[in-house]
Amino acid sequence: MAKPRIKVPKKASAGDVIKIKALVSHTMESGQRKDKEGNVIPQKIINKFECTFNGTSVFGCDIDPAVSANPFLEFRAKVAESGTFKFMWTDDDGSVIEAEKSIEVS
Amino acid sequence: MHFTNNKTLFTLIGIALCVTASATPVDEVLVIDEELEMTTRVQAVEGHPISEIYSGWHYRTPETRALEADSFANPGMLGVEQGEEIWHTVEGSEGKSCASCHDDAAVSMKGVGANYPKWDEKTQRPKNIEAQINSCRVENMGAEPYKFDKGGQKPLTAYIKNQSLGMPVELDLSEGEMQSWWEKGKETYYLRTGQLNLSCASCHEQNHGKHIRADHLSQGNVNGFPTYRLKQNKLISLHNRFRGCIRDTRAEFPDAFSDVLMGLEVYTTWRGTGLSVETPAVRQ
Amino acid sequence: MNLNRRKLLVRTLGTIGLLGTSKVFATAEDVDAAIKAIAGDAEVTQGALTLNAPEIAENGNSVPISVSVDGEISDDSYVESVTIFADGNPRPEVITFNFTPLSGEAFAATRMRLAKTQNVIAVAKLSDGTVLSDTRNVKVTIGGCGG
């Protein structure tokens, strides 16, 4: 499995609203498809995404099977200080994909 | 009315498939990440039946075009990054990775994707990137060759081709017997096949720019493969697409990397001479 | 006999087995009920919420959408969530974006699946209880010979 792709500016000024983009490799099996034998392929998706900055929640999503494979998210964050963004994607099977990005705020 | 036999049905489908309203390719410029300007339209190489060559990018909607212009948002880049990991992964009895011999792909693989397929003296046939990877795996790494579209074949091919992003496609047809494989490929290109009796040229030469149902027909250039297709939501290899197109004519389709499809790869790559390598392109 | 386009299409698809069993899609009523669940007694209004979606999607597997809500964000006044619905998908829910004061701006984008031409509806809930909505109709095209 490929690592998540995350775009966070390396530097910003205090009070800036920055752009964050995140892309993770996942088939997002919708539970609507059938295999060659006609059996329903069970749902297996990323159902939750969370982003925190220095431990405080910034943005999150509750995700349904209608989100495309390799889910892409773009959102904003207001930064007041240097620190670390933490990103978490939760799979239906309970596993969590985690990643971090730091930003220098002056 | 009942369709009593398939022939009637397929005749009707054939009529339904008649291409409709014309819509020319868009007059836009593809710039990747606001810095790398791509050649997506170019005067055709001598001997080409079409005067101006367009990348398939020009035939897509604004949203699909934007996806390719942003290397972060382009989901095909997930495959490229996976290919980069494979590049550095040791496999086989010799304890080697691709990087053990070729070091930094950004240097050693630059231009490679723009000039393949190349003539291979040893096998006396053209060699594409996939075949080159497999001969490296077998001869130098002591690893199993990748089966078609399996293992790391697609991501590694995409990673290698991506090192030539923006470079113009150019084949050397003077090497070995490349010219005769080009001829074979040309024959395949114009050969009508299947119950729908279509050749590659029926859609991509005679009707490019028009619509087949809601689909905007491109010139069928191959400069962006492996390409990220929204339909499958993954990287699709060139030979998979060849087979898909032939299947859609309701013909039996040849094996990947067979002589027929290697000839077709040589010929269709030549048809896109001068276009930038776009791997991984984004298509519908 | 007059064979119109629709009959031809249905018979053609049926013959090559694409229709299979009839699928149940969500309806506009399902979406209305879901919006009511979010809004409660609040009136659903239009204005500050903008949903962006293409008029025509080349492939229903990956349709880019974005939402934004105008207005200053502070610790006591912010957009709590924006939920996206699709009234012609097997299930109407698509995604809920949960914002916080740290979001800075109530903007989010993703790519979604649309089973056919239908309405995409965004519903925003603000911290003061205001509920906003915006709707776009997206036409989903069917590809060429490959479908």
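## Getting started

A residue counts as partly exposed when its relative accessible area falls between the 20% under which it is buried and the 50% over which it is exposed. R41(B) has a relative accessible area of 33%, so it is partly exposed. Keep in mind as you look around that this is a predicted model.

Let's begin with the strands. Six of them make an open sheet, running in the order β1(A)-β3(A)-β6(A)-β7(C)-β4(C)-β2(C), with antiparallel pairing. On average, neighbouring strands here are turned by 15° against each other, direction ignored. As background, the strands of a sheet pair through backbone hydrogen bonds, in either a parallel or an antiparallel way.

R5(A) has L23(A) as its bridge partner in β3(A).

## Salt bridges

Side chains of opposite charge can pair when their charged atoms come close. Over all chains, a search of the whole structure turns up 23 salt bridges. One of them joins K86(A) and E98(A), at 3.8 Å from N to O. K86(A) belongs to strand β7 of chain A (residues 83-91) and E98(A) to strand β8 of chain A (residues 96-105), so this pair ties together parts that are 12 residues apart in sequence. Both ends are partly exposed: K86(A) has a relative accessible area of 31%, and E98(A) has 49%.

Over in chain B, the side chains of D27(B) and R41(B) form a salt bridge of 2.8 Å, N to O. This pair links distant parts of the chain, 14 residues apart: D27(B) is in the loop between α1 (6-16) and β1 (31-32), while R41(B) is in strand β3 (residues 41-43). D27(B) has a relative accessible area of 65%, which is over 50%, so D27(B) counts as exposed.

Chain C has its own example, D134(C) with R136(C), at 3.5 Å from N to O. Is D134(C) buried or exposed? Its relative accessibility is 13%, so D134(C) is buried. R136(C), at 30%, is partly exposed. There is also a network: K44(A), D91(A) and D93(A) are joined by salt bridges that share partners.

## Around D92(A)

Back in chain A, D92(A) sits in the loop between β7 and β8. D92(A) is partly exposed, with a relative accessible area of 33%.

Which residues does D92(A) contact, leaving aside its neighbours within four places in sequence? They are Q43(A), K44(A), I45(A) and N47(A). With Q43(A), the side chain of D92(A) makes a polar contact of 3.1 Å. The C-alpha atoms of D92(A) and I46(A) are 6.1 Å apart, though 46 residues separate the two along the chain.

## Chain C as a whole

Chain C has two helices and nine strands. Along the sequence, the pattern reads α-α-β-β-β-β-β-β-β-β-β. Of its 147 residues, 44% are buried.

Now for contacts and surface. Among contacts in chain C between residues at least 6 apart in sequence, 62% link residues at least 24 apart. The chain exposes about 7,300 Å², and carbon and sulfur atoms supply 50% of that area.

Methods. Residues numbered from 1 in each chain as written. Chains lettered and ligands numbered in written order. Predicted model: local features only at pLDDT ≥ 70, side-chain atom pairs only at ≥ 80, totals over all residues. Heavy atoms only, no water. Pairing = 2+ DSSP bridges. Helix = DSSP H or I, 4+ residues; strand = E, 2+ residues; numbered from the N terminus. Axes fitted to C-alpha atoms, helices over the stretch in contact; angles between N-to-C directions. Salt bridge = Lys/Arg side-chain N within 4 Å of Asp/Glu carboxyl O. Buried < 20%, exposed > 50% of the residue type's maximum accessible area, 1.4 Å probe, protein only. Contact = heavy atoms within 4.5 Å. Areas by Shrake-Rupley, 256 points an atom, 1.4 Å probe, with all protein chains shown as cover. Polar contact = N/O pair within 3.5 Å; in protein donor to acceptor, adjacent residues only side chain to side chain.
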